[in-house]
Amino acid sequence: MGWPMTIQHATLRQLQIFTAAARSLSFARVAERFGLTPGAVSFQIKQVEGHCGFPLFERVGRGVVLTEAGRDLLEHATLILQALDNADRRMQALKGVTGGNVTIGLVSTAKYIAPHMVSRFQAERPGVSIHLQDGNRREVNAMVAKGEVDLAIMGRPLDEEELLAEPFARHPSIIICAPTHPLADAPALRLSDLAGSGFIAREEGAGTRALTEACFHGQGFSPRIVMTSSSNETIKQAVMAGIGIALLSRHTVDLELALGMLRELKVEGLPLMRSWYIAHRRSLPLLPVHAQLRSYLLERGQAIIDSIQAGHRALASGR
């Protein structure tokens, strides 16, 4: 007669798959991440359920949610996986390894600069593999705090007790419009001149959305939002289509400005200047390769952004 099955019999791989499924609530997304079929993911989840003796997910409509047992197991599985990851980081650090993997969390706007930085870093360290994981400011802050990413490129973190962040480059935000917009050629505007204009804004939780609202509230009124989107690309296209104007990072629209596809409104007090930060969890020891990438951005991040913008201007002048 065999020993009764308990959660202690679950494999590390099964806990990793369960944890990923519990966070995303999408077996298809987990299958893609682990190189499995959705059926294989379901099988592994059923194995874990067999070990613990409870259903971990229940179907609601076309999706799934965690059961009470699933929520409890997620809490413990997260601690187990983080402990193992911390141990591995410590062992690797003792070896002084300079290769390896880096997972970087990116706020959406950082997608326009981060690949250029990664490309230059990897050119000097071809043995390094990098995975980029994007989200809005709130989501990326949570990724870092939970140890789901090694580093993050973002604005100032929401939780500076959990996260250690240092600025590495300037981050200007401007108001853009279509070339045909009535105010496109205005020599000077005040923010109050835009009170009647329709704005296209990011979703709640995005840093740019918070910046937009703070900017206008300081002038005593709220922007008239006619459309929201979680995509900077969609916002750019909507502005070009004449639906409204938008406050966006200059790095998001630099190419379109150079090519004349968008115009920057000359508004008093703009651009709003913030900083890009490189962040990591305070309690998580950095492997050598993570520390190297962090130092690389602190030393060269601004110069790389300047070179991107110079390339856009050269492209526009050569048309």
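Predicted model: local features only at pLDDT ≥ 70, side-chain atom pairs only at ≥ 80, totals over all residues.
Student: How much area do domain 2 and domain 3 bury between them, and how much of it is on carbon and sulfur atoms?
Tutor: Residues are numbered from 1 along each chain as its sequence is written, and side-chain values use heavy atoms, with hydrogens and water left out. Buried area is the accessible area (1.4 Å probe) that two parts lose on being put together, summed over both. For domain 2 and domain 3 the value is about 1500 Å², and the share on carbon and sulfur atoms is 54%.

Student: Where do the bounds of domain 2 and domain 3 fall in the chain?
Tutor: The bounds come from an automatic or database domain assignment. Domain 3 is 171-274, and domain 2 is written as two stretches, 79-169 + 275-318.

Student: How many residues does each domain bring to the contact?
Tutor: Contact here means heavy atoms within 4.5 Å. Domain 3 gives 21 residues, and domain 2 gives 16 residues.

Student: How many residue pairs are in polar contact between domain 2 and domain 3?
Tutor: A polar contact is a pair of N or O atoms within 3.5 Å; within protein, one must be able to donate a hydrogen and the other to accept it, and residues adjacent in sequence count only if both atoms are side-chain atoms. With both residues at pLDDT 80 or more, the count is six.

Student: Which helix gives the most to the side of domain 2 that touches domain 3?
Tutor: Helices (H or I, at least four residues) and strands (E, at least two) are DSSP runs, numbered from the N terminus. Helix 6 (137-145), strand 11 (272-281) and helix 10 (288-317) each supply at least two residues of that side. With six residues, the one that gives the most is helix 10.

Student: Which peptide bond is cis, and what is its omega?
Tutor: Most peptide bonds are trans. Look at the loop between strand 10 (263-264) and strand 11, where Pro271 lies. The cis bond runs from Leu270 to Pro271, with omega near 5°.
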